[in-house]
Amino acid sequence: MAESEEEVDVLVQRVVKDINNALKRNPDIDEIGLIQCPEARYNRSPIVLVENKLGVESWCVKFLLPYVHNKLLLYRQRRHWLDREALVDITCTLLLLNPDFTTAWNVRKELLQCGALDPERDLYLGKLALTKFPKSPETWIHRRWVLQHIQHQCPSLGHSKSQQLGEAEQAEAERTQHLNDHLARTLHQEMKVCSDAACRYPSNYNAWSHRIWVLQHMAKGNIKVFHDELSSMRLWVSMHVSDHSGFHYRQFLLKELITELCQTPACTTATRSSQQWSSSVPSSSPQTNGELSGAEVASEERQLSFTTVLQLFYQEMELCSDLIQSFPGHETLWSHRRHVFYLWHQWKGHQHRCQGCGESELKHHSDPGVPDNSPQRHVSQDDVVHRQRRATLPMEVDRVSLADPLDTKRLRRGVLLPHPPTLQTEHMFVRSILDSCCNPEQRSFALAYRKWLDTVVGVQF
């Protein structure tokens, strides 16, 4: 093992080069890690690359980390000069070993702004660092900065005015499409990075917060993206039933979808829905006879929005029921059910107050053609038990879809839609849990939920 200062410098310089050469030669490296090796057993490089996995033998870290750390600090203090290539290599090595070193990320920001560093390369470095340190807050903060930098670049290129006509306009359109595709790929990659980090560290608040930020800044108003996320998260939460952060993210998606559906102007609801839901919902455009008046069109579109939101709430409550039955004793599931039910009542009250389509449309959609005082309005105990027996069957998590937004003819015919959640159905669900469950924690959570229904929802609504 090296002992003198000169030998240590030679060693760490070689290791820094080996790390960066490995990343350049193999761009498919998808994970880094430490190989527990207290001493150097062989006269070879401590950098090991096997099947796209990059390993660093632990014995060299005590020499490598202080070296790159001191080099970078001397550069920032203007006591030591480093060219751009050396800065890229040193910061890369340092951040793979200690990604929470803010100064190194700031140096890379400067390199990126002056054009010496590719934003995609910086995102790739952060992705590798997160495989070893999935909660690193500085890494997530830097990723957001890089994504904003990419967003600021794309519009400036995509919307520049063309001075020539014909071929120049066509080239500009192609470039705009290319940039839009690039942003879509970046969005998909960020979702993948967040999902991997969430799987590596339970309740990874930093990863889920970053995922929310990405959707808010890169997919705002895109109903299709939010719906796809809600559908894909169904499988994830079914496999991580105790992850509070994952369910919080699902609550965020539900709120955003409902808000977007309700705030969409009446004149553009049908067009926008047909564009953004077409890839996830089979299309069957009805042929209408004659023209509809403006009031009728607005009423139909309002009914369509209401039906879509009702389907969202129904599917979410069904998911809660299935998971609670399949995985008894998890407080996260009961907390999520409480949030969804409270959100339903808030939305219903808001619709009733502001848009005048609350209770009247709710009754119409739940069971059209049945009088208000009819016994069919009430959900029987057998219906609740029948719904809960479905929990023993495999959940269809890969084929979740909402009602076809274009199929307005079915709405006019008065097709029966699922019953909306009510206090009565929730009490029946709790009663069925208490009657059939022997898990003491499950009983405790069920009793707490029933108490919450009586003391909070029953009083406010």
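**Close-up views of a predicted chain**

Of the 461 residues of the chain, 46% count as buried, a class that means under 20% relative accessible area, with exposed meaning over 50% and partly exposed lying in between (1.4 Å probe, protein chains only). This is a predicted model, in which local features need pLDDT of at least 70 and side-chain atom pairs count only at pLDDT 80 or more, while totals for chains, interfaces and linings use all residues. Residues are numbered from 1 along each chain as its sequence is written, and side-chain values use heavy atoms, with hydrogens and water left out.

View 1. Among contacts (heavy atoms within 4.5 Å) that link residues at least 6 apart in sequence, 71% join residues at least 24 apart.

**View 2. Three strands form an open sheet of mixed pairing, in the order E1-E3-E2.** Strand E1 (31–35) and strand E2 (47–50) stand at the edges and have a single partner strand each, so one side of each is left without a neighbour in the sheet. Neighbouring strands of this sheet are turned by 25 degrees against each other on average, direction ignored, where axes are lines fitted to C-alpha atoms (for helices over the stretch in contact) and angles run from 0 to 180 degrees between N-to-C directions. Strands count as paired if DSSP finds at least two bridges between them.

**View 3. Strand E3 (residues 53–57) pairs with E1 in the parallel sense over five bridges, and with E2 in the antiparallel sense over four bridges.** E3 is mostly covered, as four of its five residues are buried.

**View 4. The largest nonpolar core has 98 residues, of which Leu 215, Tyr 249 and Phe 313 touch the most other members.** Such a core is a set of buried Ala, Val, Leu, Ile, Met, Phe, Trp, Tyr and Cys residues joined through side-chain atoms within 4.5 Å. Helix H12 (residues 294–326) supplies the largest share of this core, nine residues. With residues up to four places away in sequence not counted, Phe 313 touches Leu 254, Ile 258, Val 340, Leu 343, Trp 344 and Trp 347. Apart from this core lies another, of six residues, among them Leu 130, Trp 140, Val 193 and Ala 197.

**View 5. Met 191 is found in helix H7 (residues 167–200).** Met 191 counts as buried because its relative accessibility is 9%. Leaving aside residues up to four places away in sequence, Met 191 touches Arg 211, Val 214, Leu 215, Glu 229 and Tyr 249. The C-alpha atoms of Met 191 and Trp 208, which are 17 residues apart along the chain, are separated by 9.7 Å.

**View 6. The structure holds zero disulfides.** The term is applied to a pair of cysteine sulfur atoms within 2.5 Å. Cys 37 is in no disulfide, and the nearest cysteine sulfur, that of Cys 60, is 9.2 Å away; at 10% relative accessibility, Cys 37 counts as buried. Cys 438, by contrast, counts as exposed at 75% relative accessibility, and its sulfur is 6.4 Å from the closest cysteine sulfur, in Cys 437, too far for a bond.

**View 7. Leu 447 lies in helix H18 (residues 440–460).** At 38% relative accessibility, Leu 447 counts as partly exposed. Leu 447 and Arg 431 are 16 residues apart in sequence, and their C-alpha atoms are 9.2 Å apart in space.

Key: Helix = DSSP H or I, 4+ residues; strand = E, 2+ residues; numbered from the N terminus.
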